[in-house]
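Welcome! Have a look at the picture, then try each task before reading its solution.

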Amino acid sequence: MEIFRTNVEEIAEAKRVISVLLEHFPDNKINFDLHDCDKILRVEGKNFMPEKIMTLVIENGFTCNILE
């Protein structure tokens, strides 16, 4: 599992980003916690690349960094 810090604010935005991510990583569990101050994105699964996740989120207009 990897956890990312984002600036996604709205449920509709989160759903759009999740849809894009699932196109690339269909066998993973992907969700947001928009109530968390870091607007975290969780990705669980075996076959995903954190760098690609960050790139896809950024390409959709949001910030995304691995939460350390």
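Two strands pair if DSSP finds at least two bridges between them. Helices (H or I, at least four residues) and strands (E, at least two) are DSSP runs, numbered from the N terminus. The model is predicted, so local features need pLDDT of at least 70, side-chain atom pairs count only at pLDDT 80 or more, and totals for chains, interfaces and linings use all residues. Residues are numbered from 1 along each chain as its sequence is written, and side-chain values use heavy atoms, without hydrogens and water.

**Exercise 1.** Find how β1 and β3 are joined.

*Solution.* Locate β1 at residues 2-6 and β3 at residues 40-44. The two run antiparallel, with three bridges between them. As one detail, F4 has L41 in β3 as its bridge partner.

**Exercise 2.** Work out the strand order of the sheet and its edges.

*Solution.* The four strands form an open sheet in the order β2-β3-β1-β4, paired antiparallel. At the edges stand β2 (29-33) and β4 (64-66); each has a single partner strand, so one side of each lacks a neighbour in the sheet.

**Exercise 3.** Place the helices against the sheet.

*Solution.* Helix α1 (residues 11-24) lies across β2 and β3. Helix α2 (residues 50-59) packs on the sheet and touches β1, β3 and β4, where contact means heavy atoms within 4.5 Å.

Note on methods:
Axes are lines fitted to C-alpha atoms, for helices over the stretch in contact, and angles run from 0 to 180 degrees between N-to-C directions.
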